[in-house]
Each structure stands twice: as structure tokens, then as C-alpha cells.
Amino acid sequence: SDTVSYALYGNHPRSFSMKENMVDKIDYDRVMEMYKDRFKDASDFTFYFVGNIDVEKMKPMIAKYLGGLPSINRKETFKDTKMEIRKGQYKNEFAKKQETPMATIMFLFNGTCKYDLRNNLTLSILDQALDMVYTAEIREKEGGTYGVSCSGSLTKYPKEQLVLQIVFQTDPAKKDKLSGIVIEQLEKMAKEGPSAEHMQKIKEYMLKKHKDAQKENGYWLGNLDEYFYTGIDYTKDYETLVNSITAKDVQEFLAKLMKQNNEIQVIMTVPEEEAK
């Protein structure tokens, strides 16, 4: 975790891991001061209420509990702390003694990408397509790992950024072969896109999940928060957009990320004598 953090952010002061000797350096008075500063002005707080609510019965409670909050009308926005992911090519392979000899491999690709609903959905399809490919090629064919975890994220603030992370664990003796397959299949996806069969399965799953989610309060709460934070309405045209995304769209989306040439690799393995 420490090594990954350094690989991504270097020595940025916000990326450190808490160590035992740091606990005594925490200034309790300063913690309380920061807390009080954050909550002395509720003028730009946004409250969401979802579910089976009787609005008339709620109004007196809102007036009592929220209406009485302090308000000094500050105008605030986020601050860019310049915690940016390293650009270019970077690799760190290191050995560490472990009770159960294991290699942990992480690939991380990052770049700029417009934050909108279509790109978020395309990323979700790409994530799932890679999961399917790696399950077939690495888990089933090679029997080399329980699974390869693919996770993509698209953020809007402070800058629009796309991150694709691929992580898996395996026998140290197999790490190079399996890493090669992971990259080979990623490059294949960037050239050919997902198969028609995978596209159909993914879309069916996404549409079913979306239909079911609309019955849950969490779905509406999440979408309200997204809308008032980023301006994107996930409830609008979701199905139409999912159906309109093609394998070529997914292929081009990944190719565009790969062309930015920002690749971080972190590999934790064991000393050579343990790997034998």
C-alpha cells in the first residue's frame, strides 16, 4: 500500500499512511478547531430526503433541526491540492518475505477524459468486458489466480481524469507470464473491443440492474447527489445510452486512454529463495 501510494503520488503530503509514531503529533485542539470551522456555516449545505416521506409532517422538523443551524453565508468551493497521479511510465518491483509466498501485481493507467454519462457508462462496460476476458484467459485457462480485479473511475473535480486499475495475485513463479497475458489482452481490447456475446450479456445485466435499482432509496439518493454536484442526471436516457454504446465505442475509449502513455506498475513478490 505504501509503495503504491508513492508510485501514484510521490511524496505528496496528503498521501502518507498513518504510522504509530505519528499519533502523538495529532493536535487535539487543532482537530476541534477544524471541525468547528467546517460546521459553523450551513448556508451552502444541501440536504437530501428520499423515501416514503410525509412532507407536511417533515416541515416542522426541518424548520426546527435544520432551520436553526448557524449560517454566515460563506461562499466555498473545492481546493485543488495538486494531488495528481504520476505521468509517463513507471515500474517498481520489490521483494518482501511473506508467510505464504505470493506475488501481487498492479497495473494502473491514467489520463484525461471528459466527465459525462456516456463516458461513465462506456467505462462500466469496459470494466465488465475485461473482467470476463481475464476470468476466461487467466483464471480458467491458466488457473493462475482466483481472479483479476479491474476497476475504472472517472472523476470530475479538481480535474477530469480517468483511471483504470488492474490487480491480481498469483504464484511468484507465474507473475511474468500472467502479467504478459494481462497486457496482451488489454492491448487486444484496445484494438478489437469486446465480443458481441460479451456486449449483449453486459447490456442485459446493466439494464436489469438499473430497473431493480429504481426501487431503492439509495439509487435516488446517489443520483440526487450526483446531479447537484456534477450536473449529470443519471436517471435520464440511461437505457437509450446503454443500448447505443457499441463495441467500437468501447475499443476507441480504451485506445484513447492507452495512447496517453501513462502506465504505473507495482509488483510485490518474494525473495528468490522463497519463490523456488
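Biologist: Where does Lys82 lie?

Modeller: Lys82 is in the loop between H3 and E1. Please keep in mind throughout that we are looking at a predicted model.

Biologist: Why is Lys82 called exposed?

Modeller: The relative accessibility of Lys82 is 53%, and the word exposed is used for values over 50%, so Lys82 counts as exposed.

Biologist: What is the phi of Lys82 near?

Modeller: Phi of Lys82 is near 60 degrees, which is a positive value in a residue that is not glycine. As a rule, most residues other than glycine have a negative phi. Asp237 is another case to look at, with a positive phi of about 60 degrees although it is not a glycine either. The place of Asp237 is the loop between helix H7 (217-230) and helix H8 (238-244).

Biologist: Why is Asn110 called buried?

Modeller: Asn110, which is found in strand E2 (residues 103-111), has a relative accessibility of 0%; buried requires a value under 20%, so Asn110 counts as buried.

Biologist: Which backbone oxygen does the side chain of Asn110 reach, and how do you know that the pair is a polar contact?

Modeller: The side chain of Asn110 reaches the backbone oxygen of Arg86 at 3.4 Å, and because the limit for a polar contact is 3.5 Å, that distance falls within the limit. Leaving aside neighbours within four places in sequence, Asn110 is in contact with several residues, among them Arg86, Gln161, Leu257 and Asn262.

Biologist: What makes Leu117 buried?

Modeller: Leu117 lies in helix H4 (residues 117-141) and has a relative accessible area of 8%, which is set against the limit of under 20%, so Leu117 is buried. Beyond the neighbours within four places in sequence, Leu117 is in contact with Ile232, Asp233, Tyr234, Lys236 and Leu241.

Biologist: How do you know that strand E3 and strand E4 pair?

Modeller: Strand E3 (residues 149-155) and strand E4 (residues 161-170) are joined over 7 bridges in the antiparallel sense, and because at least two bridges are needed for a pair, E3 and E4 pair. One of the residues involved is Ser149, whose bridge partner in E4 is Val167.

Biologist: What joins E3 to E4?

Modeller: A hairpin joins E3 to E4 through 5 residues, and Pro158 lies in the loop between these strands.

Biologist: What is the omega of the peptide bond from Tyr157 to Pro158 near?

Modeller: Omega is near -5 degrees, and the peptide bond from Tyr157 to Pro158 is cis. In general, most peptide bonds are trans.

Biologist: How many helices and strands does the protein have, and what percentage of its residues count as buried?

Modeller: There are 10 helices and 5 strands in the protein, and 34% of its 276 residues count as buried. The accessible surface comes to about 17,800 Å², with 53% of it belonging to carbon and sulfur atoms, and the C-alpha atoms fill a box of roughly 70 × 55 × 35 Å along the principal axes.

Conventions
Residues numbered from 1 in each chain as written. Predicted model: local features only at pLDDT ≥ 70, side-chain atom pairs only at ≥ 80, totals over all residues. Heavy atoms only, no water. Helix = DSSP H or I, 4+ residues; strand = E, 2+ residues; numbered from the N terminus. Buried < 20%, exposed > 50% of the residue type's maximum accessible area, 1.4 Å probe, protein only. Polar contact = N/O pair within 3.5 Å; in protein donor to acceptor, adjacent residues only side chain to side chain. Contact = heavy atoms within 4.5 Å. Areas by Shrake-Rupley, 256 points an atom, 1.4 Å probe, with all protein chains shown as cover.
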